[in-house]
Amino acid sequence: MRALTWQGTQNVRVETVDDPEIVNPRDAIIRVTSTAICGSDLHLYDGVIPSLKPGDILGHEFMGEVVETGSASTLQKGQRVVVPFTISCGGCFHCRITQFSACENSNPVEKQDMSEKLYGHPMAGIFGYSHMTGGYSGGQAEYVRVPFSDIGPIVVPDHLDDDTVLFLSDILPTGWMAAENAQIQPDDTVAVWGCGPVGLFAVQSALAMGAAQVIAIDHYPHRLELARQLGASVINFRTTDVREALMEMSGGIGVDAVIDAVGMEAHGFAIDNILDVAKQKVGIGADRASALKQAILAVRFGGRVSMPGVYGGMTDKFPLGALMEKGLEVRTGQTHVQRYMADLLAMIEEGKLDTTFLISHRLPLEEAAKGYKHFKQEQDTWTKVVLKPGMANGGLAAGGNA
Ligand SMILES: NC(=O)c1ccc[n+]([C@@H]2O[C@H](COP(=O)([O-])OP(=O)(O)OC[C@H]3O[C@@H](n4cnc5c(N)ncnc54)[C@H](O)[C@@H]3O)[C@@H](O)[C@H]2O)c1
Ligand SMILES: [Zn+2]
Ligand SMILES: [Zn+2]
């Protein structure tokens with residue numbers, strides 16, 4: 001089959017690899033019909049997540065048709081399913097309390113060492129996301145093996161097309177959980193850093209949960225415009241002093257909740273961010289946390305800090321004093337995707353959530369490397385790239401332009 005493989009920093013290519021096979025009775029094989037490139041994939045592309053090997057198949061946002069099932073799978077051939085990026089057994093302590101992204105059984109023992117040393121506990125399995133999270137082949141491919149297929153994948157109705165439901169695999173639940181973690185109250189002012197797909201879904205979710213005012217922060221005009229169209233007020237951090245603007249927009253008290261939808265590769269011009277860029281390049285393991293630091297300084301006393309943005313290692317000059325003195329509450333984590341899929345699917349069917357507005361480009365799988373390059377280098381207009389294994393070469397921008 002054809003699949004997108006990682007070869008080294010900012011070097012990916014589509015090549016022919018072995019077809020996946022059923023390994024365990026609970027497995028299923030999915031023929032991928034749509035798969036997306038995520039901001040999290042950029043961390044792999046940029047080489048800032050350790051333990052990838054040349055030839056690894058990337059991709060953790062995907063859906064398709066069931067073509068083969070193990071003897072204990074509850075899926076049936078021909079069903080159309082969306083697969084959560086988190087691989088979860090459904091039966092361990094954490095799965096039973098719906099903390100699916102903390103599953104204890106999905107990362108094989110021989111892959112657990114690195115994350116256990118870094119975090120004190122081994123991580124759960126994630127599709128296409130390095131050997132630290134199980135070394136599973138990802139879904140930016142024609143076919144993929146899905147373990148625990150009786151727990152994860154959700155069957156989707158035929159009248160909803162791929163683009164409408166694909167993001168149930170990650171970014172829609174991630175934006176939703178980010179808003180939930182911000183514990184939004186009806187008269188809240190909420191600020192969201194980052195107008196990438198996760199930030200945009202966090203904006204939409206916060207508004208759906210009844211926030212009075214949502215303020216979105218980025219420096220890309222097109223992405224800010226998408227947030228504005230959802231109903232957010234916007235701040236361009238290149239031209240405006242973010243903290244000052246937020247103080248003004250929150251009556252001088254500070255915003256009630258902040259959402260960091262940027263993560264470890266924040267852009268910024270402060271001296272500590274420039275230092276962090278240099279350290280990240282030479283592998284001194286510093287996460288670039290400038291958006292998070294700014295969020296902690298901008299939130300009011302007793303406010304809530306939600307962090308869907310991914311961090312991997314250590315960060316320097318963290319405002320620990322502000323966190324303590326202001327009595328802030330922090331909630332974060334890889335999304336417990338399986339917890340949210342059914343409810344969000346129902347909301348999509350009821351027309352309560354718009355899931356397609358952010359797709360900027362649809363490309364055939366064969367052009368995946370081009371998708372990564374542009375999504376990295378032209379973030380303003382390449383908002384979200386969907387790859388279609390079955391599509392003829394010469395993909396279309398969402399508006400229909402090549
Ligand atoms: N927790 C989870 O389970 C989960 C799931 C999916 C993605 N993520 C993470 O969420 C983050 C966002 O993902 P995405 O797909 O939207 O990524 P993206 O790269 O498309 O978007 C990030 C956005 O942040 C903006 N940005 C950078 N520095 C900023 C700053 N200092 N202030 C304000 N905005 C800034 C960028 O301009 C960009 O628009 C990533 O870290 C990704 O890894 C987490
Ligand atoms: Zn993702
Ligand atoms: Zn489990």
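**Notebook: pockets, cavities and charge pairs**

I began with the second largest pocket, where strand 9 (residues 143-146) gives the largest share of the lining, three residues. Strands here are DSSP runs of E, at least two residues, and helices are runs of H or I, at least four, numbered from the N terminus. The model is predicted, so I kept in mind that local features need pLDDT of at least 70 and side-chain atom pairs pLDDT 80 or more, while totals for chains, interfaces and linings use all residues. Residues are numbered from 1 along each chain as written, and side-chain values use heavy atoms, without hydrogens and water.

**Pocket and cavity**

I noted a volume of about 290 Å³ for the second largest pocket. Of its 18 lining residues, Pro20, Gly135, Tyr136, Ser137 and Arg145 are the closest to its centre. By class the lining has nine nonpolar, four polar and five charged residues. Ala, Val, Leu, Ile, Met, Phe, Trp, Tyr, Cys and Pro count as nonpolar, Asp, Glu, Lys and Arg as charged, and the others, Gly among them, as polar.

On a 1 Å grid over the protein atoms alone, a cavity is a set of points where a 1.4 Å probe fits but cannot get out; a pocket is an open set with protein on both sides within 12 Å along at least five of seven lines, and lining residues have an atom within 4 Å of a point. Points join across faces, edges and corners, and a volume is the space filled by probe spheres set on them.

I found three cavities of 30 Å³ or more. The largest cavity holds about 50 Å³, and its lining includes Phe127, Val146, Phe148 and Gln338. That lining has eight nonpolar, four polar and no charged residues.

**Charge pairs**

I counted 18 salt bridges (a side-chain nitrogen of Lys or Arg within 4 Å of a carboxyl oxygen of Asp or Glu). Aspartate 150 and arginine 26 form one at 3.0 Å, N to O. Both sit in loops, so the pair ties together parts 124 residues apart in sequence.

Arginine 362 pairs with aspartate 163 at 2.6 Å, linking strand 17 (residues 361-364) to helix 4 (residues 162-165). Aspartate 163 is buried at 10% relative accessibility (buried is under 20%, exposed over 50%, partly exposed in between, with a 1.4 Å probe and protein chains only).

I then checked aspartate 218, in strand 12 (residues 213-218). Aspartate 218 is buried without a salt bridge; arginine 223, the nearest side chain of opposite charge, is 5.0 Å away.

Technical notes: Chains lettered and ligands numbered in written order. Lys, Arg positive; Asp, Glu negative; His and termini not counted.
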